[in-house]
Amino acid sequence: MYFTRLLEIIQLQRHDFLNHLQVISGFQQLNKPDRIQDYVKQVTVEIAEMSKTTRFKMPEVTAAVLAGFYEAAKYGYKIELTVNSTLGDCEVPGPAAGSALESVFNCILANMSSPATGERCLKIKFAENDHEYSISFKSHDARINDQETFRKSFEPANDLLNEYGGQLNIIFSRDIPEIILGLPRKKKESDDKRQV
């Protein structure tokens with residue numbers, strides 16, 4: 001499944017790359033060097049944001065987040081990604097973590113896509129502490145009308161994480177949801193010895 005998704009992402013990136021070259025070529029033909037500079041800066045920022053996904057130690061998570069970038073763009077969302085963790089010692093296996101993330105992206109985009117125009121931002125933050133990793137999703141640009149239906153749509157992802165001691169929580173503040181995934185860290189040998 002992930003290889004198919006990665007192939008699709010590679011094809012989309014190739015299409016984007018060719019499109020960027022055509023835009024730059026068009027500006028060059030129109031003799032608009034300032035527009036070329038602005039466009040190159042914009043594309044550089046987008047590529048830098050997506051390249052943060054290479055920090056993860058789980059290729060399935062990288063694939064899910066990259067797919068999320070492309071899906072979000074279809075709904076008019078820009079992703080602002082903060083990566084303060086590699087998920088290196090995650091107890092949740094890569095395929096399960098990737099599937100849970102993909103499910104969360106799908107639920108967010110399906111439920112938060114409002115008819116509003118203009119670019120909207122989805123903030124995603126990967127963090128960690130001594131016991132767990134956390135992944136939070138938040139957007140100030142969308143409001144959820146039916147919170148109960150919204151919560152229920154995340155149950156499959158929560159069930160998948162629960163199998164490995166993880167959990168998914170949804171917190172509402174003024175009808176703005178924050179979805180937080182908690183993924184436990186693998187126990188260190190020193191932790192096991194202290195318990196004996």
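Four elements, α1 (2-29), α2 (33-51), α3 (59-74) and β1 (77-83), each supply at least two residues of the lining of the largest pocket in this predicted model, where helices (H or I, at least four residues) and strands (E, at least two) are DSSP runs numbered from the N terminus. The largest share, eight residues, comes from α2. On a 1 Å grid over the protein atoms alone, a pocket is an open set of points where a 1.4 Å probe fits, with protein on both sides within 12 Å along at least five of seven lines, and lining residues have an atom within 4 Å of a point. The pocket has a volume of about 740 Å³ and is lined by 25 residues, of which Asp16, Glu46, Ile47, Met50 and Phe69 lie nearest its centre.

| Class in the lining | Number |
|---|---|
| Nonpolar | 11 residues |
| Polar | eight residues |

Residues are numbered from 1 along each chain as its sequence is written. In this predicted model, local features need pLDDT of at least 70, side-chain atom pairs count only at pLDDT 80 or more, and totals for chains, interfaces and linings use all residues, while side-chain values use heavy atoms, with hydrogens and water left out.

Strand β1 also belongs to an open sheet of five strands with mixed pairing, in the order β1-β2-β3-β5-β4. β1 and β4 (167-173) are the edge strands, each pairing on one side only; two strands pair if DSSP finds at least two bridges between them. β1 runs parallel to β2 (residues 120-128), joined by seven bridges, and Lys78 has Cys121 in β2 as its bridge partner.

Notes. Grid points are joined across faces, edges and corners, and a volume is the space filled by probe spheres set on the points. Ala, Val, Leu, Ile, Met, Phe, Trp, Tyr, Cys and Pro count as nonpolar, Asp, Glu, Lys and Arg as charged, and the others, Gly among them, as polar.
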